[in-house]
Amino acid sequence: MDINFTLIAQALAFSIFIWFTVKYVWPPLLSAIEERQKTIADGLAAGERGRHELELASHRSTEVLKDTKQQASEIIQQAEKRASEIVEEAKNSAKEEGDRILAGARAEIENEVFSAKEALRQNVAQLAVAGASKILRREVDVNVHADLLASIEEELK
Amino acid sequence: MAADKELTPSSYIEHHLTYLTTQVGGNEGAFWTLHVDTLVTSIILGIFGLGSIWLIVRKATPGVPSKRQAFVELTIEFIDNEVKNTFHGNRHVFVAPTALTIFVWVLLMNTMDILPIDIMAWIYKHVFGLYYWKTVPTTDVNTTFALALSIFFLMIFFSIKVKGLGGWIRELCCTPFGSNPLLWILNLLFNFIEYVSKPLSHSLRLFGNIYAGEIIFLLIGMWAATGIAGTIFGVFLGAGWAIFHILIVTLQAFIFMMLSVVYISMAHESH
């Protein structure tokens with residue numbers, strides 16, 4: 001238990017060791033550790049960001065899917081509507097066409113009837129005139145009664 | 001063992017507890033004695049411990065660390081954490097590296113205690129030709145006092161640096177009882193006792209624990225000299241005490257480091 005010069009020598013050694021540690025041992029490791037901590041923190045942040053983005057993307061994809069489904073069903077609905085419209089139109093136009101054809105046929109028939117009547121009337125008039133002229137041959141001069149004959153003919157038309 | 005002396009219990013203990021000394025600069029007198037064994041062992045251990053950490057740290061990468069680097073990082077982060085909880089300033093400038101130095105150095109010096117004393121004595125004698133050589137530097141009160149007094153002076157240095165000379169003297173006079181002039185003497189006395197007791201308890205705690213451990217090893221060694229039964233019991237007791245000593249050695253190094261950090265942090269804070 002004797003205090004002697006060893007104490008001073010040891011204190012000197014101690015201070016040299018402290019100086020060495022402060023200058024050469026502590027800083028490089030500290031900087032390495034701090035840099036690693038920063039890298040890890042960055043990595044964790046990036047991971048968190050990625051997860052968030054994934055969540056957003058999945059959210060968006062379901063949204064898009066939903067929209068698409070809705071659109072598809074709308075399109076199908078429209079197509080069905082259009083198809084029934086087309087059928088309806090076709091029916092209508094067919095009916096119209098039929099009507100038109102029917103009307104044309106009727107008009108033609110009427111026409112025919114009319115011309116037949118006309119021809120008949122003409123024939124009747126001629127017959128009448130011929131009959132009358134046969135009856136009136138002697139009394140009727142074609143030249144004298146030409147205007148009379150014409151008016152009769154006119155009336156019979 | 002003492003080959004040239006009669007082997008008695010007291011000569012055995014004396015042999016193991018005697019320093020290899022030299023006189024410094026041709027001066028006579030008790031103070032100018034130098035314990036060569038203490039000094040050489042401690043410096044070798046310091047260079048070994050801090051040097052190997054330095055070798056590893058020199059190539060430290062921020063990426064995936066090697067196993068050795070990871071080990072050093074574990075140690076350093078452990079110490080850094082302890083310092084962070086106690087010292088609230090920029091610890092990286094001085095306090096944390098100092099704590100590392102103390103821990104590593106004191107731990108290695110304490111660990112020398114676990115080396116088997118008689119085998120080491122044989123090696124010192126037959127390999128190096130040294131009859132007296134104390135293996136454990138921390139069983140030399142000069143070592144523990146050197147560390148504790150260094151911390152003591154650092155304490156005063158930081159007190160003055162942080163609070164200014166006036167602030168420090170004011171604190172000595174006015175705390176802990178109050179700034180009434182009547183209490184100045186009492187305060188001064190109180191602080192004086194505190195300042196004296198700090199390095200004393202700091203150094204003697206370490207010294208006492210390790211020295212006592214060394215004495216126990218010596219006693220166990222002596223028992224082994226009594227015969228077969230003593231040898232067998234000595235082996236088991238010695239092994240048990242050595243295993244227990246692993247704890248004491250580490251604990252004492254840790255306590256010494258923590259107290260140093262606490263004292264230096266207290267110097268930074270005003271009451």
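1. First, a term: helices (H or I, at least four residues) and strands (E, at least two) are DSSP runs, numbered from the N terminus. With that in hand, chain B has eight helices and two strands, and from the N terminus on they run α-β-β-α-α-α-α-α-α-α.

2. A word on the source before going on. This is a predicted model, in which local features need pLDDT of at least 70 and side-chain atom pairs count only at pLDDT 80 or more, while totals for chains, interfaces and linings use all residues. Residues are numbered from 1 along each chain as its sequence is written, and chains are lettered from A and ligands numbered from 1 in the order in which they are written.

3. Now chain B as a whole. Its C-alpha trace spans about 70 × 55 × 40 Å along the principal axes. Of its 271 residues, 35% count as buried; here a residue is buried if 20 or more other C-beta atoms lie within 10 Å of its own, exposed if 12 or fewer, and partly exposed in between, with C-beta atoms placed from the backbone. Take the contacts in chain B between residues at least 6 apart in sequence: 66% of them join residues at least 24 apart. Two residues are in contact if their C-beta atoms, placed from the backbone, lie within 7 Å.

4. How do the two chains meet? On the chain A side 29 residues are in contact with 40 residues of chain B. That side of chain A has 20 nonpolar, six polar and three charged residues. For these classes, Ala, Val, Leu, Ile, Met, Phe, Trp, Tyr, Cys and Pro count as nonpolar, Asp, Glu, Lys and Arg as charged, and the others, Gly among them, as polar.

5. One place to look is where helix 1 (residues 5-135) of chain A packs with helix 4 (residues 95-111) of chain B, at an angle of about 115° and with the axes 9 Å apart. Axes are lines fitted to C-alpha atoms, for helices over the stretch in contact, and angles run from 0 to 180 degrees between N-to-C directions. From helix 1 of chain A the contact takes Phe17(A), Ile18(A), Thr21(A), Val22(A), Val25(A) and Trp26(A), and from helix 4 of chain B it takes Ala96(B), Pro97(B), Thr98(B), Leu100(B), Thr101(B) and Trp105(B). These divide into nine nonpolar, three polar and no charged residues.

6. Gln10(A) is also in helix 1 of chain A. Is Gln10(A) buried or exposed? Gln10(A) is buried, because 26 other C-beta atoms lie within 10 Å. Leaving aside neighbours within four places in sequence, Gln10(A) touches chain B through Leu39(B), Ser42(B), Asn142(B), Thr143(B) and Ala146(B).

7. Helix 2 of chain B has 23 residues, which should span 33 Å at 1.5 Å a residue; the end C-alpha atoms are 31 Å apart, which agrees. (The expected span is 1.5 Å times one less than the number of residues.) Its buried residues include Leu39(B), Ser42(B), Leu45(B), Gly49(B) and Ile53(B). The buried residues of helix 2 pack against helix 1 of chain A, and also against strand 2, helix 3, helix 4 and helix 6 (141-174) of chain B.

8. Arg58(B) belongs to helix 2 (residues 36-58) of chain B. Arg58(B) counts as exposed because it has 11 C-beta neighbours inside 10 Å. Its C-alpha atom is 9.8 Å from that of Gln69(B), eleven residues apart along the chain.

9. Helix 2 and helix 3 of chain B pack at an angle of about 120°, with their axes 9 Å apart. Ile53(B), Ile56(B) and Val57(B) of helix 2 meet Arg68(B), Gln69(B) and Val72(B) of helix 3. By class, that contact has four nonpolar, one polar and one charged residues.

10. Which residues of helix 3 of chain B are buried? They are Val72(B), Glu73(B), Ile76(B), Ile79(B), Asp80(B) and Val83(B). Seen down the axis of helix 3, these buried residues fall within an arc of 140°, so they line one face; the arc is that of the directions from the helix axis to the C-beta atoms. On the other side, Lys67(B), Ala70(B), Leu74(B), Asn81(B) and Asn85(B) are exposed. The buried residues of helix 3 pack against helix 1 of chain A together with helix 2, helix 4 and helix 8 (228-268) of chain B.

11. Last, a loop residue: Val24(B) lies between strand 1 (21-23) and strand 2 (33-35) of chain B. Val24(B) is partly exposed, with 15 other C-beta atoms within 10 Å. Apart from neighbours within four places in sequence, Val24(B) is in contact with Phe5(A), Trp32(B) and Leu34(B).
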